[in-house]
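Biologist: I am new to this one. Could you show me the model and let me ask about the labels?

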Amino acid sequence: MSSPRHWQHSNRLARRLDAVDARVLNPRYAMTVDGVNPDSTVYVRSHLVVSRADLETTQALLAASAADLGWQVRVDETGRPLPRVMVGASGGSGSSGGSGRAGRRRPPRELAVHRLKIEVQPGRAASAPDAWVLLQKARADHGLSALRGVGLDHLLSTAPLEPNPFHDTNPFHDTNPFHDTNPVGSSGPSATYAVPGQGGRQPVAYTGHPPQRTSDREFVGRRPVVVTVDTGCGDHPWLGRALGRPLELDGHRVGYTDPATDPEVYGDLEGPLDGMIDLLAGHGTFIAGLIHQQCPDAEIVPVRIVPSTGPVVESDWLQVLTQLAEIVRRYRDGEPGGRPIDVLSISIGYYHETPQDELFDPAMIDVLSVLGECGTVVVCSAGNEGAERPMFPAALWAWSDGKGPVARSANRVPVVSVGALNPDGKTDALFTNTGPWVRVYRPGAAVLSTMPPFDGGRQPVARTKVGSRDRSSIDPDDFRGGFAVWSGTSFAAPVFAGEVASHLVGKLPATTVESRSAAVRRANRAVQVLAPLLQ
């Protein structure tokens, strides 16, 4: 019989997956097609994502296959339309397979990402739509090549640690596609990282001075801009001057904007009557504080896309990344509405079902290529499963062993994947993912950073009063002191992102807009100095 805690967790899991109409792809039971051998993943049941394909033709092919199942396919118009991004413009290689040879230029093409909604046909009785079933049937009906650029709408999760590690933090635990091969169990040695007092999220007192930021009057050149794509950022005395103005594209704010769902303002949005601080509440503020510690002179621009408990739908996340790519492209090309983005810190990822073949997700590759061609250093956390299976987008670069889904190019800054070190700064944390796709390791276990002033429903073990003074043991979820200790590769990535920003201080021109090639050369030098690629 399941324990009450397990039952409660199962209900939370079901709510989180149901909220985005998600399911798990289990290779043992999934529909198969010759030439496609999937791995496990988590995806939105009722969506398909289309990129690098003629939408009208692709939709017709999918609709023909869907009709046999009693389904129909239509373009999902929810959300803002994606901006127009020209891949390969201004001399970039423009593709994940670009060779980077001098003089070789591909014609510009528009980066377009569309979301298709799968529904039961009116008047028909049919099973619930399933994106994987439709995709596989269409591949069988029309051939693999006809469905290139069509993929699942994956679910992405962040990577902090909470008690119990890889259990409460993992929204996919009970049907976890990484569970059977996961060497890290909730009762193993890695569990200590999520226990308060040994690396789990807990209040801590910081008595030192805040990072020293150079005044605007004294600062020379342009401040490096670091964008975080996470839960946003809350109020904190350290971060007031360091935060830049919100990013907008054509008058629209990038990311989530509803103040009522802000995890950095309201710490308890899921089950608010239970008094428990949500899984990811404070995550973005903690990340911003780590960047600020590494580079006090950086301008930090938080973009909110991660809910307080996760997960994130890939197509929503891609929309934000595409908007960021268009903003920095406009800046590099001297067009109105652009702003510089020197470093992009990402603490979120997913496992792809077919990363080894031509069906691999082209939309993610394209948008990250645009950012890299504009000189933006994209820094990604490697994940906390204690496994070697590549997590994306962290693994979207030419790996140290010469493999990987993206070819090396002098015209593009590579994605930098970051694993976690223990506090000794020498040994890898037991929870960190690893392999030739992880380029660098930085402190990510029991690190200290900033937190919003949350005060959750848990209480001190003991409380009393002597005279006029209150006495108590530590309140385990009272963060009104403004600081916390936390663990995860989520936090190793912004440490490195801050290092890159610090390396760029004094090297960025204040008024002139550089060419893409100059920005790429400078960014590549920073990456090579801080994370040399060992052959």
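The questions below take up some labels and the values behind them.

Modeller: This is a predicted model, where local features need pLDDT of at least 70, side-chain atom pairs count only at pLDDT 80 or more, and totals for chains, interfaces and linings use all residues. Residues are numbered from 1 along each chain as its sequence is written, and side-chain values use heavy atoms, with hydrogens and water left out.

Biologist: What makes up the secondary structure of the chain?

Modeller: Eight helices and 22 strands. Both are DSSP runs numbered from the N terminus: helices are H or I with at least four residues, strands are E with at least two.

Biologist: Why is His352 called buried?

Modeller: Its relative accessible area is 3%. Buried means under 20%, exposed over 50%, partly exposed in between, with a 1.4 Å probe and protein chains only. So His352 is buried. His352 sits in the loop between strand 15 (348–349) and helix 6 (362–373).

Biologist: Which residues does His352 touch, not counting residues up to four places away in sequence?

Modeller: Among them are Asp39, His154 and Arg389. Contact means heavy atoms within 4.5 Å.

Biologist: Why is Leu269 called partly exposed?

Modeller: Its relative accessibility is 31%. That falls between the 20% and 50% limits, so Leu269 counts as partly exposed. Leu269 lies in the loop between strand 11 (252–253) and helix 4 (283–294).

Biologist: What makes Lys137 and Asp68 a salt bridge?

Modeller: Their closest N and O atoms are 2.9 Å apart. The term needs a side-chain nitrogen of Lys or Arg within 4 Å of a carboxyl oxygen of Asp or Glu. Lys137 is in helix 3 (residues 131–142) and Asp68 in helix 2 (residues 55–68), so the bridge ties together parts 69 residues apart in sequence.

Biologist: Are these two partners buried or exposed?

Modeller: Lys137 counts as buried, at 18% relative accessibility. Asp68 is exposed, at 55%.

Biologist: How do you know that Arg115 and Asp316 meet in a salt bridge?

Modeller: The N to O distance is 3.0 Å. That is within the 4 Å limit, so the pair counts. Arg115 lies in strand 6 (residues 113–120) and Asp316 in helix 5 (residues 314–332), 201 residues apart. Arg115 counts as buried at 14% relative accessibility, while Asp316 counts as partly exposed at 25%.

Biologist: How many salt bridges does the structure hold?

Modeller: The structure holds 25.
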